[in-house]
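Let's walk through this structure together, one step at a time. Have the sequence and the 3D view ready, and follow along as we go.

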Amino acid sequence: MHLLTGLLLSFIVAAGIGLGSTWYALTQNISFGALELGAWKGYPRNGTVSIDPYARAVIARNGELPVGSGDGVTFTAAADDDGRPLDGRCDVVVRGTTPPARYFTLTLYTPSGQLVANSLDRRGFTSQELVRDAPGEFEITVSPRARPGNWLPTGGIDSYILMLRFYDTSLGIATRAGREAPMPAIRSTRICQ
Amino acid sequence: MIRWLLWIAGGLMLGGVVHLATIMMLPRTASRDAYARLAPVVPVNGFALLPAPTPESSILPFMDPAFAVAACRYDLAKGPVKLTVPVSQAYTSVTFYTRYDVAYYAINDRAAGRRSIELDLMTTKQREDLPDDEEVTAADRLIVESPSLTGLIVARAFSPEPSLLPTAATALRAAQCKPQR
């Protein structure tokens with residue numbers, strides 16, 4: 001009798017811990033080997049056969065196709081440089097330069113990967129569309145209301161993520177953080193709707 | 001008391017095994033992965049242009065709206081597949097995925113050069129079976145080995161600004177992936 005209840009207890013604990021931690025890992029996007037540059041996180045290995053099992057499971061579940069490593073690298077930001085989650089009701093300024101790449105795109109998505117509706121039909125910027133200042137830096141204002149310059153509308157949604165993708169770039173698995181990869185800074189302002 | 005703690009400790013260890021097993025198995029059991037989502041609209045050994053993502057619907061999540069995208073579901077069971085993707089004005093890339101969405105090879109227009117990206121996709125076995133004659137080993141013929149019999153080929157053509165998207169899509173309409181014979 002002791003044996004039976006003991007086994008039962010073990011199995012309940014195993015199922016709870018095992019499935020619970022799997023669910024947690026998938027919903028919280030736990031992945032290893034991130035290349036962290038400021039607020040931006042990239043997973044260059046996701047575009048290769050050495051993608052880690054957690055990233056594979058996340059991709060299988062959400063239906064995404066990762067950018068292949070011979071094509072480009074994707075960086076994601078869900079928070080600003082100070083770690084505050086990006087809020088679509090406030091003005092957020094993305095400013096700086098980017099690592100060398102033939103082209104890059106910056107796109108705004110809902111956390112589940114959908115585009116956001118707005119009156120301008122603007123989903124993001126390509127490197128060709130950005131207006132830059134004299135030293136070659138660009139400034140994008142991510143805001144629910146129209147702003148002069150490079151305005152990326154949020155549609156007023158609570159939370160969003162920014163994806164910066166570099167195409168035909170030397171950036172990749174061998175990249176170490178720091179000087180070889182200058183990423184734009186993300187600053188939240190206190191201007192909110 | 002000790003006995004119960006041991007049962008719980010055993011349960012925790014077994015829980016770790018359950019966790020790893022489910023993570024490893026998930027890619028093979030997922031019914032809504034990219035391959036499954038594309039299957040209804042993408043033919044076998046033929047390219048189809050994917051609908052551009054909009055806020056209302058997007059066939060895959062996190063699609064880059066600055067690209068026109070065409071996909072082909074390849075099947076190497078009957079032999080190698082020949083791939084031709086015309087290069088668009090700005091930037092074109094081709095990425096190969098296994099049936100379980102692992103990107104195992106990607107090439108862009110700079111690496112391929114000329115007016116189109118052309119290569120042969122085959123399994124390791126099919127490559128070994130190739131006759132060792134001149135034409136096959138010619139340097140300009142690029143061969144990619146697929147780790148799986150089926151999978152996805154995704155061609156992406158960049159449009160630097162939204163108005164050029166139709167041009168990028170037009171280039172991809174001529175993309176081909178078909179059995180060699």
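**Starting from one residue**

A:T105 is buried, with a relative accessible area of 1%; buried means under 20% relative accessible area, exposed over 50%, and partly exposed in between (1.4 Å probe, protein chains only). Before we go further, note that this is a predicted model, in which local features need pLDDT of at least 70 and side-chain atom pairs count only at pLDDT 80 or more, while totals for chains, interfaces and linings use all residues. Residues are numbered from 1 along each chain as its sequence is written, chains are lettered from A and ligands numbered from 1 in the order in which they are written, and side-chain values use heavy atoms, leaving out hydrogens and water.

You will find A:T105 in strand β5 of chain A. Helices (H or I, at least four residues) and strands (E, at least two) are DSSP runs, numbered from the N terminus. Leaving aside neighbours within four places in sequence, A:T105 is in contact with residues including A:F125, A:M163, B:A66 and B:F158, where contact means heavy atoms within 4.5 Å. The side chains of A:T105 and B:D64 are joined by a polar contact of 2.6 Å. A polar contact is a pair of N or O atoms within 3.5 Å; within protein, one must be able to donate a hydrogen and the other to accept it, and residues adjacent in sequence count only if both atoms are side-chain atoms.

**Where the chains meet**

Now look at both chains. The contact takes 60 residues from chain A and 58 residues from chain B. Together the chains bury about 4700 Å², 67% of it on carbon and sulfur atoms; buried area is the accessible area (1.4 Å probe) that two parts lose on being put together, summed over both. There are 4 salt bridges across the interface, a salt bridge being a side-chain nitrogen of Lys or Arg within 4 Å of a carboxyl oxygen of Asp or Glu. B:R110 and A:D168 meet in a salt bridge between their side chains (2.9 Å, N to O). On the side of chain A that touches chain B, α1(A) gives the largest share, 17 residues.

**A helix to explore**

Finally, turn to α2(A), whose buried residues include A:Y54 and A:I59. Their cover includes α1 of chain A together with α1 (2-29) of chain B. At the N-terminal end, A:D52 caps α2(A), with a side-chain oxygen 2.8 Å from the backbone nitrogen of A:Y54. Just after α2(A), A:G63 takes a positive phi of about 85 degrees.
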